[in-house]
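Here are my notes on this model, point by point. Please keep the structure open as you read.

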Amino acid sequence: MQQPLHRPRPHPHPHPHQTMPYSFRKRSVQAAPTLRAPPKAATTRAIGVASLAAIAAGLPLVLLLLLSLSTATFTGAATAIKNNVVTRNADNARTNYYGDSGLRKQDFDAGDFGLAFVAKLDGDAINNNVTAQPLVYTPKSYGKPIVLVATEYNTIYILDAASGTILASQNYGPVGPTNVWGFPSVVAGILATPVIDADTDTVYFVSCRATGENQVKYYFYAADVMTLQVKSGFPVAFAGVPAANDAGVVFDDYYEKSRAALLMTGGMVVVCFAGYDIPPYQGWIHVIDPTTGAFKTAFSTVSSKDMGQGGGGGIWMAGYGPSTLDDGRILVATGNGIFNASAPPGDAIVVGTVLTHPTAARSSNATAELPRTYFEAVVTVQMDAETGALAPIDWYTPYNGTQMDYNDTDTAADAVVVLPEVFGSTATPRLVLAGAKQGPIKFLDLNSLGGYQQGPNGTDNIVAEINPYPYSPTGLGVWGSAGVYPLEGGYLYFALAQGNIQAWRRSANTTDGRVAFEFAGATAENFRGGVSTPIVAGTGRAGEAVIVTLDAEPLPESDMWEFVDMERITL
């Protein structure tokens with residue numbers, strides 16, 4: 001279950017996008033617990049701005065702050081572009097690793113890091129968040145780095161990354177407030193992080209527009225990055241699109257929420273939806289042709305046979321987008337279902353009634369049955385390279401999925417991250433990292449996710465798991481995922497809400513050849529706000545990276561930007 005914007009939470013889980021203060025401090029960080037003398041390298045101010053803008057999602061919309069290295073010259077492109085796509089969390093695998101950012105630990109040690117600019121955007125005291133991650137890159141037509149910021153008020157801004165000058169802005173329709181979803185102050189606007197095609201300097205995004213009292217519509221846009229003018233043939237509406245996997249399920253704007261970042265892969269744009277916990281809603285995966293706006297297919301996570309329970313299975317993933325290695329396989333995580341709250345936990349619907357779905361795409365158990373409904377699940381769908389059609393080919397639901405469903409500890413509260421090869425083994429060369437609000441972090445085999453209760457005695461059939469909570473007594477959960485550092489043997493960094501920041505490293509294989517991870521250390525202090533997922537930024541050389549996170553501490557004297565000194569942790 002995700003939480004509607006500005007709605008009090010029913011239990012003490014911190015909202016991942018609380019309003020944040022505007023002060024900052026600088027503390028150096030090394031991405032791994034070994035220190036090496038780096039080779040001499042120039043660092044650009046533009047690069048510094050980019051890496052920090054990458055985690056600014058959740059900043060109050062009234063003021064957008066960007067921080068930069070203050071003394072270096074301003075040259076070069078700003079953000080890592082993978083397959084000519086500028087996307088949330090660094091790449092389509094969602095690793096949060098900006099290995100070509102140019103940021104170095106030494107630059108922070110020199111004290112050259114500080115506030116670059118403050119930009120005044122739209123918003124008010126209630127609806128004032130930038131929920132989407134700002135995107136930074138260098139358009140061909142401008143030749144210098146820009147920051148693209150999308151707001152809840154349906155406005156996109158283009159800012160010069162060095163000065164903060166607003167180069168262009170465009171509003172894409174009214175947002176209310178309306179009484180939709182029973183929350184009169186809520187506006188939705190642009191919540192999901194857009195995606196940019198760097199080859200054509202085109203930005204793709206989803207906008208929620210108020211069309212009347214208790215009425216909203218979602219639209220898919222394509223616009224020029226620098227002028228923000230809408231391309232011919234756009235926008236296109238989502239309303240009434242049927243699910244290709246179940247014609248009995250039709251997209252209804254009223255019940256859906258666009259929260260997960262957009263994905264561009266295989267020449268298509270992938271858009272996911274969740275809900276506002278008002279039934280009936282479903283999780284959706286839409287595949288759209290970015291050149292024509294044509295809907296190629298739509299996949300519902302909930303079968304029409306299970307809609308009598310109210311639906312569910314939303315794909316929100318704390319704002320992360322679907323992940324992929326650009327090989328046609330797309331991975332998402334789904335949230336809880338709707339079930340009879342008076343029933344015992346074991347009666348909660350988790351995976352529905354299975355149906356036979358033989359496929360050769362799975363590396364093992366190729367004729368395994370797949371669910372018709374996906375609650376509390378990590379799901380792999382295969383996208384056809386020619387038609388864009390989607391077919392589910394694999395899934396994993398935790399063995400205690402019914403209890404998770406009952407307790408609202410969503411699998412979909414965390415991202416699905418495809419880890420670099422350094423974290424794998426011969427038996428499981430690529431791992432998938434998945435978690436839940438308050439559960440262990442799971443490592444799945446990309447080629448065989450694990451199904452449901454397929455391990456010994458009905459447990460999980462997974463590669464490994466770690467539990468960060470014993471190392472953070474005050475930590476309430478992980479909303480997001482890890483900052484991935486693929487050098488020096490492989491490290492993962494987690495920030496726990498109202499807890500600490502932890503490092504875990506890839507250790508030696510177990511006696512049976514499986515991958516193992518071990519706790520490497522943690523910050524001595526806790527972060528009382530909702531801390532963002534750490535990003536790891538560097539030069540691609542060992543010993544030079546920095547970890548950056550954002551502390552959503554509600555107290556005015558608190559610091560917002562956190563540069564965690566991993567050299568002082570106990571290893």
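**Notes on the model**

1. Start at the hairpin of β34 and β35. It has 5 residues between the strands, and Q498 there takes a positive phi near 60°. Strands here are DSSP runs of E, at least two residues long; helices are runs of H or I, at least four residues long; both are numbered from the N terminus. Two strands count as paired if DSSP finds at least two bridges between them.

2. A word on the basis. This is a predicted model: local features need pLDDT of at least 70, side-chain atom pairs count only at pLDDT 80 or more, and totals for chains, interfaces and linings use all residues. Residues are numbered from 1 along each chain as its sequence is written, and side-chain values use heavy atoms, with hydrogens and water left out.

3. The hairpin strands pair well beyond the turn residue in the listing of partners. Strand β34 (residues 491-495) pairs with β35 in the antiparallel sense, over 5 bridges. W504 in β35 is the bridge partner of L492. On to the next strand: β35 and β36 (residues 516-522) are also antiparallel, with 6 bridges. W504 has a bridge partner in β36 as well, namely F519.

4. As background, strands of a sheet pair through backbone hydrogen bonds, either parallel or antiparallel.

5. Is β35 enclosed or open to the outside? Of the 7 residues of β35 (residues 501-507), 6 are buried, so the strand is largely enclosed by the rest of the structure. Buried means under 20% relative accessible area, exposed means over 50%, and partly exposed lies in between (1.4 Å probe, protein chains only).

6. Another open sheet of 4 strands runs β5-β6-β7-β8, with antiparallel pairing. The twist averages 15° from one strand to the next. Within this sheet, β5 pairs with β6 (residues 146-150) in the antiparallel sense over 3 bridges. L135 stands opposite L148 in β6.

7. Look next at T297. This residue lies in strand β20 (residues 295-300). T297 is buried, with a relative accessible area of 10%. What does T297 touch? Leaving out residues up to four places away in sequence, the contacts are A244, I285, H286, V287, G388, A389 and L390. Contact means heavy atoms within 4.5 Å.

8. Check the cis peptide bonds. One joins F234 and P235, with omega about 5°. P235 sits in the loop between β11 (215-224) and β12 (236-237). Another cis bond joins P279 and P280, with omega about 0°. P280 is in the loop between β17 (268-275) and β18 (281-282).

9. N89 has a phi of about 65° although it is not a glycine. N89 is found in the loop between β2 (85-86) and β3 (97-98). Is N89 buried or exposed? N89 is buried, at a relative accessible area of 3%. D326 is not a glycine either, and has a positive phi of about 60°. Its loop runs between β22 (323-324) and β23 (329-333). D326 is partly exposed, with a relative accessible area of 33%.

10. Last, the chain as a whole. Its secondary structure comes to 3 helices and 39 strands. Of the 571 residues, 64% are buried. Take the contacts between residues at least 6 apart in sequence: 66% of them join residues at least 24 apart. The accessible surface comes to about 18,700 Å², and carbon and sulfur atoms account for 52% of that. Accessible areas come from the Shrake-Rupley method with a 1.4 Å probe; for residues, only the protein chains shown count as cover.

Note on methods
Axes are lines fitted to C-alpha atoms, for helices over the stretch in contact, and angles run from 0 to 180 degrees between N-to-C directions.
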